[in-house]
Amino acid sequence: MALSVPGYSPSFKKPPETLRLRRKRVRSLGAALPPGERPEPEPRRAPLADRLSLRPFAAAASGSDGGGPATAGRNPFACLDNRPPVAAEPHNGPSRDQQEAPSRFLDSNQENDLLWGEKFPERTAVNELLQTPHVSFSESDIPSSESTELPVDWSIKTRLLFTSSQPFTWADHLKAQEEAQGVIQHCRSTEVTLPQSIQDPKLCTELRCAFQQSLIYWLHPAFPWLSMFPRIGADRKMAGKTSPWSNDETLQHILMNDWSVSFTSLYNLLKTKLCPYFYICTYQFTVLFRAAGLGGNDVITALISPTTRGIREAMKNEGIEFSLPLIKANGHEKKASGTSLGHGEEQAISDEDEEESFSWLEEMGVQDKIKKPDILSIKLRKEKHEVQMDHRPESVVLVKGTNTFTLLNFLINCKSLIATSGPQAGLPPTLLSPIAFRGATMQMLKARSINVKAQGLSEYKDQFSLEITGPIMPHCLHSMTTLLKSSQSGSFSAGLYTHEPTVVFNICPPMDKVLDKDTVHEELANCGLHPKTLHQISQTPVLGKSSLRNVEMSGYIYKWRS
């Protein structure tokens with residue numbers, strides 16, 4: 001008689017009994033079917049469908065003295081995905097790797113910009129090249145555009161990865177004379193015109209000097225131990241770094257005064273059309289200032305993204321007139337002004353809107369039966385909608401004309417421009433410019449070439465790449481593609497990695513009139529950019545809320561996806 005054990009259930013089955021029952025059930029099912037119709041176990045169906053054998057020596061085992069076929073037991077050392085070489089596959093269509101390559105290529109461009117500005121390890125480019133062979137745009141089902149010139153892209157890129165069938169060895173180990181010549185060409189705004197195709201790029205001194213010239217940009221402030229771009233989401237990257245100004249108000253005041261002088265210098269250069277554009281990168285938002293004639297406007301413009309309700313209210317209180325280009329109401333752009341309307345006029349307009357919104361109740365004759373929401377609830381509802389678009393692309397703000405000077409004073413005196421806590425506490429915003437300005441530091445984009453073996457259909461092929469990292473501004477992107485057009489004989493592809501908060505800078509703001517391009521080029525002739533680069537950035541933005549992600553040149557014709 002079994003002893004009663006507390007918590008013991010008579011229906012409990014021990015694990016060995018359970019396994020034994022399952023084996024019996026499987027065997028009985030197999031015995032009931034004819035030998036030719038017995039189902040194969042699930043792990044064996046996929047390999048057999050590909051005409052593979054899990055037991056490569058099964059034939060030898062079945063030919064032993066057993067007299068009958070050996071029992072088909074699973075080989076634990078067999079590889080279920082042991083596919084034959086690609087060359088042995090039938091060439092009825094593109095291989096599995098070819099079909100998956102475009103998707104892998106696109107996924108590589110989707111950066112996690114919650115931590116905008118993460119560093120890329122040394123092996124990133126090599127791994128991407130091994131995993132991502134050359135992607136032909138014709139094989140992708142995503143529509144692309146093609147032209148002899150790329151559209152203007154006002155977003156800041158953090159990384160460019162060019163790939164080509166020809167080597168990039170000409171970009172390595174510049175001589176001291178070539179490096180010095182490139183710096184001088186940049187400082188003197190020397191125009192360099194290269195032939196359409198260069199036979200031996202490694203021996204072309206003009207190409208190597210122009211490459212050095214294209215890598216230069218200007219930055220303020222500059223600290224060798226800190227990466228000053230990007231600033232949004234850079235707290236983790238800056239954590240643990242030395243910041244003597246974080247708890248020293250005197251040092252913070254000195255840094256801010258120096259920053260104000262540099263900011264004012266840049267704005268004066270922009271106003272006199274000696275600087276085409278510049279960026280202000282804070283820990284909360286980014287500002288793009290453009291000279292008159294760029295972005296489709298005949299006046300100075302400033303785009304701020306992303307913004308919050310608090311920043312917009314502060315700008316209103318300072319009398320800065322601005323608009324929200326992506327927020328439209330009643331078919332017209334919603335404008336916010338701190339000076340054009342008084343409080344009484346705004347209240348009257350809001351009352352008129354409320355009467356119009358409930359006029360349909362009077363038409364139905366039920367205005368007395370339905371309780372209208374009070375003014376307070378309507379105001380709270382509007383504020384809720386305004387808060388919901390905070391930190392989103394739709395919150396981009398456009399400031400035009402003389403209001404940009406008011407914005408200058410606002411940014412200089414705005415206390416929320418600088419973080420009060422965290423790794424960025426007390427650190428002034430970053431100023432980025434394509435030309436020199438007062439207090440600026442000359443910086444260089446990082447460039448390195450890589451040569452790897454990429455697996456093709458039947459053999460390994462050489463694949464060459466050129467990686468460029470840093471704050472890559474619109475003029476640099478155009479200069480690089482122009483150089484590679486000559487050095488790579490009009491055949492290369494590129495993956496572009498964008499600083500996501502700046503993508504919305506590609507929207508086309510409202511234009512009062514169509515500008516004469518010849519007049520714009522003549523007025524901005526001394527802005528320090530190559531005439532072809534100036535012609536490219538003076539185009540009307542067409543990318544909208546997207547940016548260039550992939551570019552391919554074939555036969556001197558561009559194809560791109562955004």
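In which sense do strand β2 and strand β13 pair, and over how many bridges? Strand β2 (residues 157–164) and strand β13 (residues 460–472) pair in the antiparallel sense over seven bridges, where two strands count as paired if DSSP finds at least two bridges between them. Opposite Ile-472 in β13 stands Lys-157.

The model is predicted, so that local features need pLDDT of at least 70 and side-chain atom pairs count only at pLDDT 80 or more, while totals for chains, interfaces and linings use all residues. Residues are numbered from 1 along each chain as its sequence is written, and side-chain values use heavy atoms, with hydrogens and water left out.

The chain contains 17 helices and 16 strands; these are DSSP runs numbered from the N terminus, helices being H or I of at least four residues and strands E of at least two. Of its 562 residues, 41% count as buried (under 20% relative accessible area; exposed is over 50% and partly exposed in between, with a 1.4 Å probe and protein chains only). Among contacts in the chain with a separation of 6 or more, 76% come from residues 24 or more positions apart, a contact being heavy atoms within 4.5 Å.

Strands β2 and β13 belong to an open sheet of seven strands with antiparallel pairing, in the order β1-β16-β15-β14-β2-β13-β12. At the edges stand β1 (145–147) and β12 (446–455); each has a single partner strand, so one side of each is left without a neighbour in the sheet. On average, neighbouring strands of this sheet are turned by 20° against each other, direction ignored. Helix α15 (residues 474–487) packs on the sheet and touches β2, β13, β14 (491–498), β15 (550–554) and β16 (557–561). The direction of α15 makes about 155° with that of β13; axes are lines fitted to C-alpha atoms, for helices over the stretch in contact, and angles run from 0 to 180 degrees between N-to-C directions.

Helix α9 (residues 249–271) and helix α14 (residues 403–413) pack at an angle of about 170°, with their axes 10 Å apart. The two helices are therefore roughly antiparallel to each other (an angle over 145 degrees). Residues in the contact include Trp-259 and Phe-263 of α9 and Phe-405 and Leu-408 of α14.

Pro-244 lies in the loop between α8 (235–238) and α9. With 46% relative accessibility, Pro-244 counts as partly exposed. Pro-244 and Leu-427 are 183 residues apart in sequence and 10.0 Å apart in space, C-alpha to C-alpha.

Note on methods
Parallel < 35°, antiparallel > 145°, perpendicular 65-115°, else oblique.
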